[in-house]
Amino acid sequence: MRVLVTGGLGFIGTELCRALGQLGHETVIVDSVTTQVHGETPVFDLPPGANLVRLDVRDIAQRPELLEGVDTVFHLAAETGTAQSMYRIQHYVDVNERGTAALLEAIAQATSRPRRVILTSSRSVYGEGAYRDQDGAIVHPAPRTRQQLESGQWEPRDAAGRPLTMIGTPESLPFAPGSIYAATKASQELLLVAASEALGFSAVTLRLQNVYGAGQSLQNPYTGIISIFFNRARQGLMLPIYEDGKETRDFVHVDDVVAGLISAMTSDVPSGTVCNIGSGIATPVDELAGELLRAGGLDVPVEVTGQFRVGDIRHNFADIERARTLLNYTPKVSLADGLRRFCGWAAGEPVYADRLDKATAELKAKGLAN
């Protein structure tokens with residue numbers, strides 16, 4: 001098939017295009033090659049069967065011919081990162097929402113339209129994940145307030161102040177974005193579904209958890225906690241753990257994500273299908289730091305700082321039963337194995353100047369972190 005991938009030179013996009021090439025598909029990659037992700041002098045090897053169109057996704061409506069003969073579109077192009085989105089608001093809305101609108105307009109103008117458009121959304125659209133209260137009901141707490149964070153009240157509680165127990169977040173949980181980034185991902189989903197019936201394509205959305213693996217940017221200080229920590233650790237720098245270190249994330253290897261994306265292309269699922277893609281396991285961040293250091297043979301201090309960022313969630317791990325059922329999705333890469341693979345790759349990459357402290361200072365100056 002002929003497949004178009006926006007953001008195809010990004011971390012996930014590169015692995016997806018490589019897999020598509022191995023399956024014999026012809027791939028058109030649309031990517032703007034941004035400095036924050038690719039550095040000042042980007043170097044990339046196009047996978048077999050791939051053609052690069054260096055183009056900002058916001059301009060794709062001017063190139064509807066790129067859609068000619070395309071069976072499937074994977075829409076990955078987006079600005080990512082919760083913290084940065086809270087002060088680069090116009091930019092995130094412009095890239096993520098207008099970029100999606102431009103893609104849909106290009107499809108509307110094309111003389112032949114794709115059969116399916118697959119969007120990579122984010123677990124962030126849920127805000128805080130799902131919990132069970134002491135009466136057994138599933139609840140969805142509101143984002144934590146600055147006052148709660150400043151007083152160290154890390155764990156969400158119910159309206160009566162009682163502790164809650166986190167559970168896997170199902171796709172039925174409504175949108176409750178706690179950041180601009182999350183709001184733009186929710187908007188992308190709504191735009192896609194709203195356009196799908198009128199334009200005659202099937203819309204599938206995959207809400208990704210925290211994706212990691214070889215190829216992840218070691219230069220971007222706003223996204224990818226594993227790559228940020230590794231880059232610091234091999235320079236002998238302390239690893240700062242926010243809050244009390246017990247906040248959890250669902251870390252899913254890029255190989256499993258790519259398998260989910262390919263399945264979303266080939267599976268017979270109805271338009272409007274939404275699936276979580278993750279490991280289904282909640283990992284505390286302090287435990288992640290320890291496992292990463294062991295996997296990389298590194299020894300640096302790990303400091304639980306009590307710092308926080310406005311818009312961060314406490315817990316969210318995926319309920320992946322729908323993906324198992326509809327996409328035959330089963331994560332195969334354990335966190336321990338994935339971290340060993342990541343460290344083996346990253347150890348051979350250039351050492352980049354750490355920019356986490358500068359990024360944190362920017363957030364503090366704007367009142368978005370303590």
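This is a predicted model: local features need pLDDT of at least 70, side-chain atom pairs count only at pLDDT 80 or more; totals for chains, interfaces and linings use all residues.
Residues are numbered from 1 along each chain as its sequence is written, and side-chain values use heavy atoms, with hydrogens and water left out.

**Cavities**

- A search of the whole structure finds two cavities of 30 Å³ or more, a cavity being a set of points, on a 1 Å grid over the protein atoms alone, where a 1.4 Å probe fits but cannot get out.
- The largest cavity holds about 70 Å³ of space, where a volume is the space filled by probe spheres set on grid points that are joined across faces, edges and corners.
- Its lining residues (those with an atom within 4 Å of a point) include Ser217, Gln219, Asn231, Asp354 and Arg355.
- The largest share of this lining, three residues, comes from helix α7 (residues 225-233), helices being DSSP runs (H or I, at least four residues) numbered from the N terminus.
- By class, the lining of the largest cavity divides into five nonpolar, five polar and two charged residues, with Ala, Val, Leu, Ile, Met, Phe, Trp, Tyr, Cys and Pro counted as nonpolar, Asp, Glu, Lys and Arg as charged, and the others, Gly among them, as polar.
- The second largest cavity has a volume of about 50 Å³, and helix α12 (residues 356-365) gives the most to its lining, with four residues.
- Seven nonpolar residues, one polar and one charged make up the lining of the second largest cavity, among them Tyr222, Tyr242 and Arg309.

**Helix α1 against helix α8**

- Helix α1 (residues 11-22) and helix α8 (residues 254-266) pack at an angle of about 60°, with their axes 10 Å apart; axes are lines fitted to C-alpha atoms over the stretch in contact, and angles run from 0 to 180 degrees between N-to-C directions.
- In the contact (heavy atoms within 4.5 Å), Phe11, Ile12, Glu15, Leu16, Ala19 and Leu20 of α1 meet Val254, Val257, Val258, Leu261, Ile262 and Met265 of α8.
- This contact of α1 with α8 has eleven nonpolar, no polar and one charged residues.

**Helix α7 against helix α9**

- Helix α7 and helix α9 (residues 285-296) pack at an angle of about 50°, with their axes 11 Å apart.
- That angle makes α7 oblique to α9.
- On the α7 side the contact includes Phe229 and Phe230, and on the α9 side it includes Leu288 and Leu292.
- The contact of α7 with α9 has ten nonpolar, no polar and no charged residues.

How values were computed
On a 1 Å grid over the protein atoms alone, a cavity is a set of points where a 1.4 Å probe fits but cannot get out, and a pocket is an open set with protein on both sides within 12 Å along at least five of seven lines; lining residues have an atom within 4 Å of a point. Helices (H or I, at least four residues) and strands (E, at least two) are DSSP runs, numbered from the N terminus. Angles under 35 degrees count as roughly parallel, over 145 as roughly antiparallel, 65 to 115 as roughly perpendicular and the rest as oblique.
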